[in-house]
Amino acid sequence: LSGDLSHGHPVPPNVRYTGPLSRFSDIVIPGPAEKKYSLMVILSGPEPQRTIFEEKVMGQLGGVEGKVLVVRGKPGEPAPGEHLPDNVQVVPHLATPDMLATILSAELVVSRSGYSSVMDFHLLGKMSAFVPTPGQTEQEYLAERMKRNGLCCYERQGEFSLRRMMKEAKTHYT
């Protein structure tokens with residue numbers, strides 16, 4: 001999955017590749033989940049980029065059809081008190097079993113393209129849309145590589161358009 005980031009040349013003789021690792025690997029995944037959300041957005045990353053991305057997402061949720069869940073990635077902090085469309089739910093954090101169930105019940109998941117997310121979505125066979133954290137070149141590389149291999153769609157945060165990303169995902173990956 002990670003290409004040149006993990007498979008440098010030459011490979012030392014004491015290196016053994018384990019393949020993708022995921023926090024969901026040891027959880028029994030039930031059959032296909034009923035689709036509960038048309039969109040799930042997982043916010044993460046270092047500040048101030050996490051908040052910048054959150055503001056971009058929240059500003060573009062109006063008019064999105066279907067149920068939307070935004071996971072803020074801020075355990076213990078209440079959801080913002082701003083007025084949101086009726087179809088949008090915002091939660092501060094999800095425990096692993098709830099995160100798994102929600103990912104499986106979403107048609108599309110938008111998140112950062114960190115190693116953990118890439119491996120989680122690969123394990124789950126989940127269509128994802130990646131928005132790399134600006135300045136994190138490994139996330140940019142992973143998102144570009146995954147898109148090139150037809151496994152996701154991706155946009156840079158500065159050019160992020162939720163509608164465009166959802167349209168691309170529906171057109172090319174469903």
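## The pair of Phe53 and Phe160

Phe53 and Phe160 are both buried, a term for residues under 20% relative accessible area, with exposed set at over 50% and partly exposed in between (1.4 Å probe, protein chains only). This is a predicted model, in which local features need pLDDT of at least 70 and side-chain atom pairs count only at pLDDT 80 or more, while totals for chains, interfaces and linings use all residues. Residues are numbered from 1 along each chain as its sequence is written, and side-chain values use heavy atoms, with hydrogens and water left out.

The ring centres of Phe53 and Phe160 lie 5.4 Å apart with their planes at 75 degrees, so the pair is edge-to-face. Rings of Phe, Tyr and Trp (its six-membered ring) pair if their centres lie within 6.5 Å; planes under 30 degrees apart count as stacked, over 60 as edge-to-face and the rest as tilted. Phe53 belongs to helix 1 (residues 49–58) and Phe160 to the loop between strand 6 and helix 5 (162–173), so that the pair links distant parts of the chain, 107 residues apart. Helices (H or I, at least four residues) and strands (E, at least two) are DSSP runs, numbered from the N terminus.

## The pair of Phe121 and Phe130

A search of the whole structure finds 2 aromatic pairs. Phe121 and Phe130 form a tilted pair, at 6.0 Å centre to centre and 35 degrees between the planes. Phe121 counts as buried at 4% relative accessibility, and Phe130 does so at 1%.

## Helix 4

The buried residues of helix 4 are Gln139, Leu142, Ala143 and Met146. On the other side of the helix, Thr137 and Arg148 are exposed. Just after helix 4, Gly150 takes a positive phi of about 75 degrees.
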